[in-house]
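User: I would like to learn how to read sheets, cavities and pockets in a model. Can you take me through them one at a time?

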Amino acid sequence: MASVCPTKTAKKVVGIALLSAILLVFPWLGPPVYFISFLYTVFMFVCMASAWNLIGGYAGYLSFGHAAFFGTGAYAAAMLTKAVGPGTASNLLCSIPSGLVAAVIALVVGYPCLKLRGPYFAVITLCFAFVVQLSVQNLGVLGGPDGLWIKGMDLPVETGRSILYESMLLLMAITILVVERIEHSKFGAGLRAIKQDEEVAQTMAVNAPRLKMGAFALSAFFPGVAGGLHASYLTYIHPTIVFDVNMSILIVLMALFGGGASWLGPVVGAVLLSFINELLSTFVKAELARIIYGSLFIVVIIFMPNGIMEFIRKRKQTGSPH
Amino acid sequence: MDLLKGTGITKLFGGLRALASVDFTVRQGEIVGLIGPNGSGKTTLFNCISGLYKPDFGRIEFEGRRISGLAPHTIAAMGIGRTFQIVRPLMDLTLRENVTIAVLYGRWGLSHMEAAREKASSILEFVGLSDKADSHPGRLALEDRKRLELARALGSGPRIILLDEVFAGLNPKEIEHAVDLTFRIRDEWGITVFMIEHVMKAIMSTCSRIMALHHGVLIADDGPEAVANHPRVVQAYLGAKYARG
Ligand SMILES: Nc1ncnc2c1ncn2[C@@H]1O[C@H](COP(=O)(O)OP(=O)(O)O)[C@@H](O)[C@H]1O
Ligand SMILES: [Mg+2]
């Protein structure tokens, strides 16, 4: 348990390296556009669910408003590229300050909201996302109800798409790496204590307000960058698309479906749900797909309240779950 | 030197005066007891000291600096540790993880995981929990849960530790062990002890000084013998017994 045997770690490293290599070269092998854009979406959701897990999974503050950070990133990138002048490099690089804008908004919103706990925090973040969406919809400078066009990356469509695919892949990798590092750090330990009992954590000198703010800002940063990249991908953004409340909910479901206790949970949850979503929407009528999707989720919550990863881990440990 | 000093501490809950202008001091190196019938305000006083409650009036000083009004984590970081009367372990974490978090954020300057884990292990050994370090608190008996509270409080490396009824519910043999542990905390670790206790025999043999609260009012502050025979203390306990009986 304590020390993983070296061959197992070596196998893991080789596996991850192989998977990364395949994902990296994939778009340049000329596959159907459909697969590139599907994988791109998977990367985007893995990134967001992983980042969300910092505040939702580790600290136990379930944010139902993370689409607001994604949308903020998209709009910030659109405005920034307009100011800087579009181009491949500027479009890609503008996504980074866009993430910072999202993080700053998270700090401003988090300061009052993170004083609320449990369902109150969930509801206030949901409301916050609506307020942001409505504001953008009514702000003329941001295109209001007409949305915004983003100047393309002056590249052939396929090349541009592949480059955005690679960028999202890189963003996903960085997010996972950062989250994994935090999980095993002092910061992560403090967040877990906060989730368990915030008062007790504070009597152990854990600076709960500061840690929560840090986790919330980081959990907003990566979706903000993702939103920034996605603006270039879509070339046209509209409040109802990039601030979609369904996206907020999907992020929460993905993270909890996989399990919020470890970094791997949201990754597995986002991949699985993306695939299930895609299969259902391809082969089943939309209404029926929603019903199946919802039922599946209820089953998982009832039988695996701590997510799939925890369920599998317990099974491995005891042979059978109680 | 006064390590901890409270003047005019008053805490109101609606119409109820849980603490009524309480003055107290705890000096460096003392083991001080706090007694009083149920509901007399003992835990409320600890909550005020550790910052979980803000006193409505009065001032609390630690090492000459005002702490009343500060956040609980700031107070803990200054060196005030505490246990909870109703134990509050972090349930999803192992005993070692519980204590490691306290060490990481405590006053040892150990922010490296491995070093903190080692320190936590030595603290668990000190309280007699090393064989259960990797299990979860849910499986522990009450005695061990109380020890975990103690280990976690020691984990932050406090200068003073507030113990809220760590002897309650223990059998005589376990109490003897706990009394011994209390002395070792003071003598080996140099930590001043401020303890709430109901078990009179234990507190009489442990404390050099005892304070008694009754309906939020400090009615005695003296040596163990003097407090035990203090007419108002005797009356408070007898009264409480009649009322309960
Ligand atoms: N958070 C609270 N809200 C309302 N009343 C409280 C609260 N905490 C304590 N009290 C009341 O204050 C009084 C003192 O309680 P407490 O300090 O827990 O007593 P003790 O620890 O001496 O048994 C009791 O009457 C209790 O009901
Ligand atoms: Mg009490």
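Predicted model: local features only at pLDDT ≥ 70, side-chain atom pairs only at ≥ 80, totals over all residues.

User: Which order do the strands take in the open sheet of 4 strands?

Analyst: The general idea comes before the case. Strands of a sheet pair through backbone hydrogen bonds, either parallel or antiparallel. Here the order is β2-β1-β4-β5 in chain B, and the pairing is antiparallel. β2 (16-27) and β5 (65-66) of chain B are the edge strands, each pairing on one side only.

User: How many bridges pair β4(B) with β5(B)?

Analyst: There are 2 bridges, in the antiparallel sense, and β4 of chain B covers residues 57-62. Look at Glu61(B): its bridge partner in β5(B) is Arg66(B).

User: Which helix lies across β1, β2 and β4 of chain B?

Analyst: That is α1 of chain B, residues 42-50. Helix α1(B) runs at about 65° to β2(B).

User: Now the open sheet of 6 strands. What is its order, and what is the pairing?

Analyst: Read β6-β7-β8-β3-β9-β10 in chain B, with mixed pairing. From one strand to the next, the twist averages 20°.

User: Where does α5(B) pack on that sheet?

Analyst: α5(B) touches β6 and β7 (160-164) of chain B. The direction of α5(B) makes about 160° with that of β7(B).

User: Do β3 and β8 of chain B pair in the parallel or the antiparallel sense?

Analyst: Parallel, over 4 bridges. The strands are β3 (residues 31-35) and β8 (residues 192-196) of chain B. Leu34(B) stands opposite Ile196(B) in β8(B).

User: How many bridges join β9 to β10 in chain B?

Analyst: 5 bridges join them, and the two strands run antiparallel. β9 of chain B spans residues 209-214, and β10 of chain B spans residues 217-222. Ile210(B) stands opposite Asp222(B) in β10(B).

User: Which residue in the hairpin of β9(B) and β10(B) takes a positive phi?

Analyst: His215(B), with phi near 50°. The hairpin has 2 residues between the strands.

User: Why does the largest cavity lie between domain 1 and domain 2 of chain B?

Analyst: Because both domains give residues to its lining. Domain 1 is 1-79 + 159-245, and domain 2 is 85-157.

User: What about the second largest pocket: how much space lies in it?

Analyst: About 840 Å³. Its lining has 24 residues, with Phe45(A), Asp244(A), Asn246(A), Leu250(A) and Asn277(A) nearest its centre. α2 (33-58), α12 (245-258), α13 (264-283) and α14 (286-303) of chain A each supply at least two lining residues of this pocket. α12(A) gives the most, with 6 residues. The lining of the second largest pocket divides into 14 nonpolar, 7 polar and 3 charged residues.

Notes
Residues numbered from 1 in each chain as written. Chains lettered and ligands numbered in written order. Heavy atoms only, no water. Domains from an automatic or database assignment. Pairing = 2+ DSSP bridges. Contact = heavy atoms within 4.5 Å. Axes fitted to C-alpha atoms, helices over the stretch in contact; angles between N-to-C directions. 1 Å grid on protein atoms, 1.4 Å probe; cavity = no way out; pocket = protein on both sides within 12 Å on 5 of 7 lines; lining within 4 Å. Points joined across faces, edges and corners; volume = space filled by probe spheres on them. Nonpolar A, V, L, I, M, F, W, Y, C, P; charged D, E, K, R; others polar.
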